[in-house]
Amino acid sequence: MTMPPLTLYLAAPRGFCAGVDRAIKIVEMAIQKWGAPVYVRHEIVHNKFVVDGLREKGAVFVEELEDCPDDRPVIFSAHGVPKSVPAEASRRQMVYVDATCPLVSKVHIEAQRHADAGLQMIMIGHKGHPETIGTMGQLPSGEVLLVETVEDVATVAVRDPAQLAYVTQTTLSVDDTKDIVAALHDRFPAIIGPHKEDICYATTNRQHAVKSVAPKSDALLVVGAPNSSNSRRLVEVGAKAGCKYAQLVQRATNIDWRALEGIRSVAITAGASAPELLVNEVIDAFRSRYDVTVEVVETAVEDIEFKVPRVLRQPA
């Protein structure tokens, strides 16, 4: 049987970023150093395949520090944690390793610096996301106000319009955030922004790559988890860039083949916490149904690497 032709546009960069790569290594090295079990507060990164793989190696995932015993190491996820969490771990004399992405830590430091200068913070982010909770938890209650939309900017109640600064979640849509920042500057002309964009290089690069493939594709599939902010933003970016069918899929088994009937081209990318193995699985699924031509569309080259904490590089 002759298979219909299909062009797969493979967006690059895609998949793991340096912060995710480092966080996974931290869990693996901690298990090697201290043996199993090693506890991890919250999913180390938002990907079920990755989390299940680490669980098999000896990681135990919990939501709160109170779920961890005092005598086993605990790792804080790549999304960051409120200051109260390491403070409580220290009080309990626990061994802990902070796997917070260095680019998230940069936002934490920034927020503290502005607070030390007497400024109230506005954070652009998603309510309830672990990164937002972690960043807002760097300062006392009321010192960081959350806005999610341009509409929120119009109603946010600040202490002093002349004493404000803003930070952003690192995994937001670049375009949506731009509109919110513009609204902040319109309402609060004195507001101070970050020296360098808070949205991380990996988020920006992956969104830019999607913008380059989406307009020429009949469909866009983003490999990633439903609780992954950066993956969901890629779907939105693809739809806004002109792709009529943009969907998030965790695995090849989640592809809705009926929705793809009659297509001639598909763009594929992956969120920053999705391993390349899952992308290959999706490509193989298409190869089993179509006469596939793969075209890589590369818009940036990433060579950033973050070191793991010193405690893991020292012998036990």
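## Helices α1 and α2

Helix α1 and helix α2 are roughly parallel to each other, a term used here for angles under 35 degrees, whereas angles over 145 count as roughly antiparallel, 65 to 115 as roughly perpendicular and the rest as oblique. Helix α1 covers residues 18-34 and helix α2 covers residues 48-57, and their axes come within 10 Å and cross at roughly 10 degrees. The contact between them is made by Ile24, Val27, Glu28 and Ile31 on the side of α1, and by Val50, Leu54 and Lys57 on the side of α2, where contact means heavy atoms within 4.5 Å. Sorted by class, the residues of this contact are five nonpolar, no polar and two charged; Ala, Val, Leu, Ile, Met, Phe, Trp, Tyr, Cys and Pro count as nonpolar, Asp, Glu, Lys and Arg as charged, and the others, Gly among them, as polar.

The model is a predicted one, in which local features need pLDDT of at least 70 and side-chain atom pairs count only at pLDDT 80 or more, while totals for chains, interfaces and linings use all residues. Residues are numbered from 1 along each chain as its sequence is written, and side-chain values use heavy atoms, with hydrogens and water left out. Helices (H or I, at least four residues) and strands (E, at least two) are DSSP runs, numbered from the N terminus. The axes are lines fitted to C-alpha atoms, for helices over the stretch in contact, and the angles run from 0 to 180 degrees between N-to-C directions.

## Helices α8 and α9

Two packed helices are described by the angle between their axes and the distance between the axes. For helix α8 (residues 201-213) and helix α9 (residues 229-240), the axes come within 9 Å and cross at roughly 30 degrees, and this angle makes α8 roughly parallel to α9. The crossing in which α8 passes α9 is right-handed, which is the name used if the near helix is turned clockwise from the far one by less than a right angle, and left-handed if anticlockwise.

Helix α8 brings Thr203, Arg206, Gln207, Val210 and Lys211 to the contact, and helix α9 brings Asn230, Arg233, Leu234, Val237 and Gly238. By class, the contact of α8 with α9 has three nonpolar, four polar and three charged residues.

His42, in the loop between β2 and α2, is a residue other than glycine with a positive phi, near 70 degrees. At 14% relative accessibility His42 counts as buried, a word that means under 20% relative accessible area, with exposed meaning over 50% and partly exposed in between (1.4 Å probe, protein chains only). Gln93 is not a glycine either, and its phi is positive at about 55 degrees. Gln93 sits in the loop between α3 (84-91) and β5 (96-98) and, at 73% relative accessibility, counts as exposed.

## Buried and exposed residues

Is Glu110 buried or exposed? Glu110 lies in helix α4 (residues 102-116), and at 5% relative accessibility Glu110 counts as buried. Leaving aside residues up to four places away in sequence, Glu110 touches Val167, Pro194, His195 and Asp198. Cys68 is buried at 4% relative accessibility, and Cys243 is buried at 3%. The count of disulfides comes to zero, with a disulfide taken as a pair of cysteine sulfur atoms within 2.5 Å.

Asp303, in the loop between β12 (291-298) and α11 (310-313), is exposed, with a relative accessible area of 69%. Its C-alpha atom is separated by 8.5 Å from that of Ala18, although Asp303 and Ala18 are 285 residues apart along the chain. Tyr96, found in strand β5, is partly exposed, with a relative accessible area of 32%. Tyr96 and Arg72 are 24 residues apart in sequence and 8.7 Å apart in space, C-alpha to C-alpha. Not counting residues up to four places away in sequence, Tyr96 touches Val74, Phe76, Pro86, Ala89 and Ser90.
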